[in-house]
Each structure stands twice: as structure tokens, then as C-alpha cells.
Amino acid sequence: MRKLGIDYGDSRVGIAISDSLGITAQGLETIHHNGNDKIVLKRLEELFNEYEIDTIVIGMPINMNGTKTDRVEVTQKFIHKLKCKFGKKIPIAPIDERLTTVAAHKTMNFLDVNKKKKKNIVDTISAVYILEIYMNKMKNELKGSIW
């Protein structure tokens with residue numbers, strides 16, 4: 001079973017997926033939707049039919065001081081749509097996404113990614129970081145429960 005990471009934005013949604021063992025996260029794609037969530041939900045349904053996904057992990061845009069940004073409400077509305085469409089079958093895990101976009105830009109700069117390509121892949125890379133944060137959290141909780 002795989003985990004699906006989502007970096008939800010106004011016009012683009014980054015998608016990442018774990019390997020079947022839940023060890024690594026890979027960028028899958030960026031969905032360009034220009035504010036139309038139906039496009040995102042349709043593509044997610046296609047991905048759920050293609051992959052065995054057992055958890056949706058979505059980044060919550062929290063300020064550095066821990067307060068909610070304006071985007072939190074927008075993201076929560078999208079999570080509600082996810083729950084209405086998939087929630088009964090697939091659990092949804094919101095995760096603090098602070099600094100994931102910053103990390104994505106640092107990664108692209110390190111890799112010397114062309115400026116024009118950055119806009120198309122930053123959300124996907126952010127989704128990878130969101131998914132990795134969740135997977136590491138789950139591993140740490142598992143370690144803690146063993147000892």
C-alpha cells in the first residue's frame with residue numbers, strides 16, 4: 001500500500017507517492033487546475049485506481065510562529081471535498097508543511113534547475129517533502145512504541 005502526498009495550491013497541486021513499502025517518496029506530477037478542484041479530484045481518482053493508496057497526506061500551510069495562514073481555510077475546504085469523495089475509503093492526514101517550499105527551492109537551486117522549469121516542479125518537490133515528513137513521523141512513532 002502507498003501513501004499519496006499533496007501540496008495544494010490555488011492553481012497547481014503537487015503530487016508525490018511512496019513506494020509500496022512506505023520507505024521512499026517520489027514526485028509524481030503537478031496538476032494544473034487554475035482553481036477548479038474538479039480537475040484535481042478527477043485526477044486523484046485516476047491515481048487511486050492506478051495505485052493502491054491507503055493514506056492521503058496533505059500539507060497544511062502554517063505560519064512559522066504556528067498560527068494559521070489564510071490558506072489553511074482554503075486547504076480545509078479542499079480536505080472536506082477529499083473526505084466527501086474518498087474519505088470513507090482512504091484516511092486523510094493533514095501535516096505541517098512549514099518550509100517545504102523553501103526546501104524545494106533550495107533543492108532546485110542545488111540541482112541548477114532551469115528557471116522556467118522551477119514553476120512546474122516546485123509543487124511536486126514540496127509534495128515529496130510533505131510525504132517524507134509524514135513517513136518519518138510514522139517511523140518515529142513506530143520506534144517509540146517498540147521501545
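User: Why is D10 called exposed?
Analyst: Happy to explain: D10 has a relative accessible area of 53%, and exposed means over 50%, buried under 20% and partly exposed in between (1.4 Å probe, protein chains only). D10 therefore counts as exposed. Do keep in mind that this is a predicted model, where local features need pLDDT of at least 70, side-chain atom pairs count only at pLDDT 80 or more, and totals for chains, interfaces and linings use all residues. Residues are numbered from 1 along each chain as its sequence is written, and side-chain values use heavy atoms, with hydrogens and water left out.

User: What makes R71 and D10 a salt bridge?
Analyst: Their closest N and O atoms are 2.4 Å apart. A salt bridge needs a side-chain nitrogen of Lys or Arg within 4 Å of a carboxyl oxygen of Asp or Glu, so the pair qualifies. R71 lies in helix α2 and D10 in the loop between β1 and β2, so parts 61 residues apart in sequence are tied together; helices (H or I, at least four residues) and strands (E, at least two) are DSSP runs, numbered from the N terminus.

User: Why is D37 called buried?
Analyst: Its relative accessibility is 8%, so D37 falls in the buried class. D37 also forms a salt bridge with K81, with the closest N and O atoms 2.8 Å apart.
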